Amino acid sequence: MIGIDIKRAATLLREGQVVAIPTETVYGLAGNALSENAVATIFAVKNRPYFDPLIIHTNDFQRVGEWVENIPDQARYLAEALLPGPLTFLLPKKPIIPDLVTAGSSLVAIRIPQHPFSQALLAQLDFPLAAPSANPFGYISPTNAQHVEQQLGDQIPYILDGGPCQVGVESTIIGFPDGRPVVYRKGGIAIETIEQLIGPLEVKEHSASNPQAPGMLKSHYAPRVPLILGEIEQMLPLHQAKRLGILSFQKRFPNIPSAQQIILSPSGDFREAAQHLFSGLRHLDNLDLDIILAELLPEKDLGRAINDRLRRAAQR
Ligand code: TXA
Ligand code: MG
């Protein structure tokens, strides 16, 4: 059931049930992070392998001392400047966090979402919420309540509807191995924004097999319809006989029906493009197309996170 009753969501979560919640990035499938049962339910509903750990969410960075051992100065500084918001920290966990949440890692991922509903909900709870994106494992992340309903609606008691997500791509994940900052997932806070605050960063590229960073699995965000990346103009003549979908940054293509085209941002705005990315991919994926032709954005600002998702969507 979809609704806007934050109290009801809190009650279900206190009972150990899982609830879909809005955040500014994507919708999350939330459960009590301190309850192994609730966490196991999250993995089961998503059909997610246990080796892929979960992010825990709370409303205020001041609270994270309850769950992590120590917080590097750079993390504190970034938290002060950028949280609440789409930035997740990998920090050494306290034993109170179940190993199931972190897939056995000594680090736990912590995020303070800024969506007013998730803020209000988390403020009512005396435990943090483990919440992966509320999609079946490997599929496109949901950016509105209907997306969640269509895929997980019959498996969960409640979907808290906070409207369409304003950021539209998942949080940026940063850790501090050996005390130096490393970005493990490009996301809703641009690398440039973090570098302005703390200087140059190492950015890990995703790979097909990187056991240290299970979050970096290459095939992810994948539509069912094959997606090909390249120059759309040049690819078009090669796919004449097919039912085509187009995912472009700014440009419309006159010979393709407009329902089969997603233009992420006609004015070339990265923020708007990120907002529309996942809903656009879902729209095209539901049209019974043979193929989706997509192009990369300029490799800067949120374009880097968008391109990361597009490359993974193209991976089969
Ligand atoms: O914006 C977001 O971060 C959204 C919303 C719901 O908060 N959440 C999200 O969760 O994207 P999920 O589970 O779809 O992606 C989290 C990523 C995973 O790829 C996971 O492997 C990585 O974070 N991760 C979580 N805990 C980790 C840990 N302890 N060590 C390494 N990677 C971790
Ligand atoms: Mg996900």
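In the predicted model, Leu 87 touches Leu 78, Leu 82, Ile 110, Arg 111, Ser 171, Thr 172, Ile 174, Ile 189 and Ile 194, when residues up to four places away in sequence are not counted. Leu 87 belongs to the largest nonpolar core, which has 45 residues. Leu 78, Leu 87, Phe 89, Ile 156, Ile 174 and Ile 194 are the members that touch the most other members of this core. At least two core residues come from each of helix 2 (36-46), helix 3 (73-82), strand 5 (87-92), strand 6 (107-111), helix 6 (145-152) and helix 7 (191-198). Another core, of 29 residues, lies apart from the largest one, and its residues include Ile 262, Phe 270, Leu 277 and Leu 284.

After helix 2 comes Asn 47, which has a positive phi, near 60 degrees.

Thr 102 is located in helix 4, which spans residues 99-102. Because its relative accessible area is 3%, under the 20% limit, Thr 102 counts as buried. Neighbours within four places in sequence aside, Thr 102 is in contact with Pro 53, Lys 93, Ile 97, Leu 107 and Val 108. The side chain of Thr 102 also reaches the backbone oxygen of Ser 105, at 2.9 Å.

Salt bridges were considered next. The model contains twelve salt bridges. One of them joins Lys 186 and Glu 205, with the closest N and O atoms 3.1 Å apart. Lys 186 is in the loop between strand 10 (182-185) and helix 7, while Glu 205 is in the loop between strand 11 (202-203) and strand 12 (227-229), so this pair ties together parts that are 19 residues apart in sequence. Lys 186 is buried, at 6% relative accessibility, whereas Glu 205 is partly exposed, with a relative accessible area of 46%.

A salt bridge is also formed by the side chains of Arg 224 and Asp 285, at 3.7 Å from N to O. Arg 224 lies in the loop between strand 11 and strand 12, and Asp 285 lies in helix 9 (residues 270-285); the pair links distant parts of the chain, 61 residues apart. Arg 224 is exposed because its relative accessible area is 51%, and exposed residues are those over 50%. Asp 285, in contrast, counts as buried at 4% relative accessibility.

Glu 233 and Lys 251 form a further salt bridge, in which the closest N and O atoms are 2.5 Å apart. Glu 233 lies in helix 8 (residues 232-235) and Lys 251 in the loop between strand 13 (244-248) and strand 14 (261-263), so parts that are 18 residues apart in sequence are tied together by the pair. Both partners are partly exposed: Glu 233 has a relative accessible area of 46%, and Lys 251 has one of 43%. Elsewhere, Glu 170, Asp 308, Arg 309 and Arg 312 are joined into one network by salt bridges that share partners.

Methods: Residues are numbered from 1 along each chain as its sequence is written. Chains are lettered from A and ligands numbered from 1 in the order in which they are written. This is a predicted model: local features need pLDDT of at least 70, side-chain atom pairs count only at pLDDT 80 or more; totals for chains, interfaces and linings use all residues. Side-chain values use heavy atoms; hydrogens and water are left out. A nonpolar core is a set of buried Ala, Val, Leu, Ile, Met, Phe, Trp, Tyr and Cys residues joined through side-chain atoms within 4.5 Å. Buried means under 20% relative accessible area, exposed over 50%, partly exposed in between (1.4 Å probe, protein chains only). Helices (H or I, at least four residues) and strands (E, at least two) are DSSP runs, numbered from the N terminus. Contact means heavy atoms within 4.5 Å. A polar contact is a pair of N or O atoms within 3.5 Å; within protein, one must be able to donate a hydrogen and the other to accept it, and residues adjacent in sequence count only if both atoms are side-chain atoms. A salt bridge is a side-chain nitrogen of Lys or Arg within 4 Å of a carboxyl oxygen of Asp or Glu.
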